[in-house]
Amino acid sequence: MNFHAALRNGTKSVFLRVEEAFDAPFGGQDNPLRHLGAMGLYLLWIVVGSGLYLYTVLDTGIDAVYDSIGMLSHEQWYLGGVLRSLHRYASDAFMLAMMLHLVREWSYGRYYGFRLYSWMTGVPLIWLAYIAGIGGYWIVWDQLAQVSATATTELLDWLPIFSEPSARNFMSPDAISDRFFTVLVFIHLGVPLLLILGLWAHVHRIGHVDYLPTRRVMLATAATLTLLALFRPALSNPPANLAIVPGDLAFDWFILFIHPLTDLTSPAVVWSLLFALTALLFALPLLPHASAQPVAVVDPANCTGCDRCHADCPYAAISMAPHPGRPGFKLAVVDPDLCASCGICAGSCPSSTPFRRRETLITGIDMPQLPVDTLRQQLEQALARFAGGTRIVVFSCARGADARGLAAADTAVIDLICTGMLPPSFVEYALRGGADGVVVTACRDGGCDFRLGERWTSERLLGEREPHLRHSVPPSRLQLLLCSAHDHSALATAVAEFRNRIETLGVANDRLPSYLRRAPNHA
Amino acid sequence: MLKPAAIVGQVILYGAFAAFIGYFATSPTYHQIADDVALIKLSISHLGDRECRQRTPEELAKMPPNMRAPKDCPRERSDIKLEVDLDGEPLVRTVMHPTGLYKDGVSTVYRRFEVKAGSHQLTVRMDDNLVKPGFDYVKNEQITLAPRQVMVIDFNPDRGGLFFK
C-alpha cells in the first residue's frame, strides 16, 4: 500500500469512527457528519439571508462604513447585531463544513471515476469561498480589515499581475475613497453569486441531491448559531488607521489564517503552497486508484420502460429514451461516465424478480459483474445446501459489515455490490425456497457508499417504494440490519438474536407456501 | 421521538460546535508586529527617464515638416537605481526595471521593514537615468518613529521628489 492510500485509509477510519459515534445521539439522517454537503449549503443560505439585511443598512462612505456596521451591534443588537453575528459565524461554520467535506470525500475515495466531475467542480469553489470570506472582512473597515487588506494586496503583489503594487492603495489614510467600498460590496455580492452558480454545477450531475439537511438539524444549527450570536456577538475591532500597525486583534482563524501564515513564512511560500495544494487536488484523480467496475447494462427486450431505475439511480446516470423496438415505450439508457456500478438500478427493475421461470434470468438492467441471474443461482444453491435447524439467508452489503464469517450449515451469506441491488422479491423467494428467515444488511442510515442504497432498500422492504416487498411476506421472518464496516460483531449478535427469535417465538405457522421454480405446478 | 440520552448528547455536541466556532472566530488574538517596533514601507512607482538624443539639422531636413521634433526619444525608459540607508547601514540596494513589453511602463518597488521605534537617520537616494552619473534625488532626514507607526517612503515629482510620510 502506498503512502497516499495508507493516509487515505487512516483518515477514512477516523471519519468512520467519529461518524458512528455521532450516530448514537443523532441517528443517521440527523448526523451532520454524514451530510456535510447539505450542511454547507444550509450555512451558505444563512450567510446569504443575513448578508442581505446587512447590505440594506451598509453605508459605503469612507467615514460611515465602520459606524453603520457598528450601529447594528450597539443600537440594534436584537436584530442587526444577531444577524451580523450569524453572518460571521455561519461563514466560519461554512468554511469548516467545506473543508471537512473535502477531506471526507477524499478519504472515502470519492474523487475519480463517476465522481470526477463533482470533484473537479468542487475545487474552484474553495477559492471562491475564501475570496468572498476575506473580502467580507474588508467591508467592516476596522483594524482587522486594515491588516487583511494590506496583507492580501502584499500577497497579490508577489504575483506578476499588476503593473503597480496594489498595496499602494493602502499606504496612508487618505489613499482610500468612498468608491473603494462600493466596489468591495459588489465583489462581495458577486463572488458568492459565482459560488452558488458553481455549487449548482457541483451537484447537478447527482440524483436526489440533499440540498438541505433534515428540518431537525436545520433548526438545531440555527438555534446554536443564534445562541452563540447572543452570548458572544460579533464585534468590530477599532476603526482602521493606516498610519499605524494594529496591536492585538480579535482574529478569525477560519477565514484569515492565511495572513499569519504569510507573516510566518513569505508570499512565495504561501503561493507555492496554495498552487501546489490546488494542483494536487486537481491531480488526485490521476493517482493510482481502484479500477472502474463494469457499468449497468440495459437489455432492451426485458426493459419495460417503467422508469424506476431512472428514479432510483443516485447519480442520475440513467435517462429514458424512446424504445427502438416498441413504439410508445421507453428504454433506459445508461451514461457510462456517470454510472457508479452500484447495481441499485438492477434492484429497482421489476423484471429482476427471481420468480420468473426462465432458466436464465435476464432482467431489464443488470450488472455484468453480478447479474441477477447469478444472484438467483447463488440463492438456489445456498437453499439446496442448507442443513440444520433454523435456516437463515443473509443478503449483505460488500461495503458494510463483513457477513461472510457468519456462513455456516444453517446460514447462507450472499454478498451484494450494494444492498440496494437486491430486488425485494428475493426475500420472498428465499422464504418460499426453504429459508426460515432472511437478514438484509445495509450500511448505516445515511452511510451508504452509493448514497441511497440503504434508504431505497428500507423503503422497498417496508412497502413504501417500488418495487416493494409483497405484504404477504411475514415481517417476523425478515430482519433489516444497518451496519457499517466496523459493526461485524454487532451484526453477528443481531443475527443470533434473530435466529433465537424465530426459534422461540413460535412463528412456524406463518410460513409462506413453498415455490419451486422448476416444478410444473407449485403450491 | 428522541431519547433523553440522545437529546443530552446532541446538546453537548451542538454546544461543542458553537464553542469551537465562537472561539476560533475571534481567538487567539493576532499581533502582527511587536509593540516596540515601527514599520517603514518603501513604495515608489515612477517612470524612469528617457535617454533622448538631439536630432541633427540634416536629420530634421529629411523629415516631413510636421514631424520635425528636435529630439529623438526612444520608447524605452531607463532603469531606476535606488538605495536606502538606515543609521548609516544599507537597507536597500536595488535597480527597478520598467514594466511593459517595450519597457515603457513605470518602475515600481514595494518593501516593508520592521525597525525599532525611536530616532533614526534615514537616507534615500534615487537615480532615474542611469546614463547620467550620480543620484538625481536624495533625501536625508532624522526621523522619529513611534511604536507601531507606519512611515512611507514615496516619490512624487510634484511634491519635490522623494518624501516621507
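Predicted model: local features only at pLDDT ≥ 70, side-chain atom pairs only at ≥ 80, totals over all residues.
1. Strands S5(A) and S7(A) are joined in the parallel sense, and their pairing extends over 4 bridges.

2. These two strands belong to an open sheet of 4 strands in chain A, where the order is S6-S5-S7-S8 and the pairing is parallel. Because S6 (411–416) and S8 of chain A each have a single partner strand, they stand at the edges, and one side of each is left without a neighbour in the sheet. From one strand to the next, the twist averages 15°.

3. Two helices of chain A may be described relative to this sheet. Helix H15, residues 453–461 of chain A, lies across S7 and S8 of chain A and runs at about 150° to S7(A). Helix H16(A), for its part, lies across S5, S7 and S8 of chain A, and its direction is at about 155° to S7(A).

4. H16(A) spans residues 488–504, and the distance from the first C-alpha to the last of its 17 residues is 24 Å, close to the 24 Å expected at 1.5 Å a residue. Its buried residues are A:Leu491, A:Val495, A:Phe498, A:Arg499 and A:Ile502. They lie on the same side of H16(A), because the arc they cover around the axis is only 100°. As a general point, residues three or four places apart point the same way, because an α-helix has 3.6 residues a turn.

5. What do the buried residues of H16(A) pack against? Their packing partners are three elements of chain A, namely strand S5 (392–397), strand S7 (437–442) and strand S8 (478–482). On the face of H16(A) turned away from the buried side, one finds the exposed residues A:Ser489, A:Thr493, A:Glu497, A:Asn500 and A:Thr504.

6. Turning to the interface, 33 residues of chain B are in contact with 36 residues of chain A. On the side of chain B that touches chain A, the elements giving two or more residues are helix H1 (4–24), strand S1 (37–46), strand S6 (107–116) and strand S9 (150–156), which are elements of chain B. H1(B) provides the largest share of that side, with 10 residues. By residue class, the side of chain B that touches chain A divides into 15 nonpolar, 14 polar and 4 charged residues.

Key:
Residues numbered from 1 in each chain as written. Chains lettered and ligands numbered in written order. Contact = placed C-beta atoms within 7 Å. Nonpolar A, V, L, I, M, F, W, Y, C, P; charged D, E, K, R; others polar. Expected span 1.5 Å × (residues − 1). Buried ≥ 20, exposed ≤ 12 C-beta atoms within 10 Å, placed from the backbone. Arc of directions from axis to C-beta. Pairing = 2+ DSSP bridges. Axes fitted to C-alpha atoms, helices over the stretch in contact; angles between N-to-C directions.
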